[in-house]
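This report describes one protein chain. Please view the sequence and the structure before reading on.

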Amino acid sequence: MNPCRRLFTALLLAAVCCATEAHAGAHLRWDACYRDPGSTVNKNFACDTNTGSETIVGSMFIPDAITQITGFEFVLDYGTGVPIFPSWWQFKNAGTCRQNSLAFSLVRPPGAVYCVEYPALGAGGIGSLFNINNTTDGYRTRVKMVVGAAENISAGGPGSPEVFGFVLTVNHTKTVGTGSCSGCTIPICLAFESFRVTRPVGNSSYTYGSDRSLDPDWIITWQGSDGCAAGVPARNETWGAVKQLYR
């Protein structure tokens, strides 16, 4: 492992391990919501079976008291520092190696304690998934998700609880054997880049990222990723840059 990446990964995991409070914005964990028991930062998989799956959970802390919420929009990036994007992580789009191996759900993880949900949320799903490969951002894929509310709801404000956002399930199909897809063992970094709280036409929507200067509560890793620095942007974003994610 490159020494710089080893140091970055060590600092990343240490910061997550020692975080004592949640911060306003987007949060990401394996298996459970950010503050709930059982949530983890890293997921290791032996890549030796085609059965089973892994669960990615996105949640939010909304700092502003918002009324007339009509839905949510989420942006998640995942990437690697190696100069190739693993076929095992290519989903959804026609012709990709593991099409339909990434599923979206609004079912809150079992045993959730601190993570609340809104019964009024309606249907949701993955709106788009596309690759972003350039010298600035490395090799990564962006997933955009959309959730609608069955009725206008209110949320957020000082002291408001952690809110469940979404679950992404990655199954193990085509990991081994005939027709398997390569790259399962390659380290990957995943980041919940931002979310938008939408409101009726004529009302302002709200867009949030995470306070990345405090702790990386918006990042999780796969196979102890050493690709976070190159695979997913690890820099602070301006509000203008965050809003560009939704255009």
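## Overall fold

The model is predicted. The chain has 247 residues, 49% of which count as buried. Its secondary structure consists of 3 helices and 12 strands.

Among contacts with a separation of 6 or more, 80% are between residues 24 or more positions apart. The accessible surface is about 11,000 Å², and carbon and sulfur atoms contribute 53% of that area.

## Salt bridges

The count of salt bridges is 5. One of them joins Lys43 and Glu54, whose closest N and O atoms are 3.7 Å apart. Lys43 is in strand β2 (residues 42-43) and Glu54 in strand β3 (residues 53-61), 11 residues apart. Both Lys43 and Glu54 are buried. Together with Asp31, Lys43 and Glu54 belong to a network of salt bridges.

Strand β4 (residues 66-80) contributes Glu73 to another bridge. Glu73 meets Arg196 with an N to O distance of 3.8 Å. Arg196 lies in strand β10 (residues 188-198), so this pair ties together parts of the chain that are 123 residues apart in sequence. Glu73 is partly exposed, at 21% relative accessibility, and Arg196 is also partly exposed, at 21%.

Asp77 and Arg142 form a salt bridge in which the closest N and O atoms are 2.8 Å apart. This pair links strand β4, which holds Asp77, to strand β8 (residues 138-155), which holds Arg142, across 65 residues. Asp77 and Arg142 are both buried.

## A buried aspartate without a salt bridge

Asp217 sits in the loop between β11 (206-208) and β12 (219-222). Which side chain of opposite charge is nearest to Asp217? It is that of Arg29, 6.5 Å away. Asp217 is accordingly buried with no salt bridge. Its side chain does make a polar contact of 3.1 Å with the side chain of His27.

## Aromatic rings

The structure contains 16 aromatic pairs. One of these is formed by Trp88 and Trp89, in an edge-to-face arrangement with 5.4 Å from centre to centre and 70 degrees between the planes. Trp88 is buried at 0% relative accessibility, and Trp89 is buried at 1%.

Ring pairs also connect Trp88 and Trp89 into a cluster with Trp30, Phe45, Tyr78, Phe91 and Trp222.

Conventions
Residues numbered from 1 in each chain as written. Heavy atoms only, no water. Helix = DSSP H or I, 4+ residues; strand = E, 2+ residues; numbered from the N terminus. Buried < 20%, exposed > 50% of the residue type's maximum accessible area, 1.4 Å probe, protein only. Contact = heavy atoms within 4.5 Å. Areas by Shrake-Rupley, 256 points an atom, 1.4 Å probe, with all protein chains shown as cover. Lys, Arg positive; Asp, Glu negative; His and termini not counted. Salt bridge = Lys/Arg side-chain N within 4 Å of Asp/Glu carboxyl O. Polar contact = N/O pair within 3.5 Å; in protein donor to acceptor, adjacent residues only side chain to side chain. Phe/Tyr/Trp six-rings, centres within 6.5 Å; stacked < 30°, edge-to-face > 60°.
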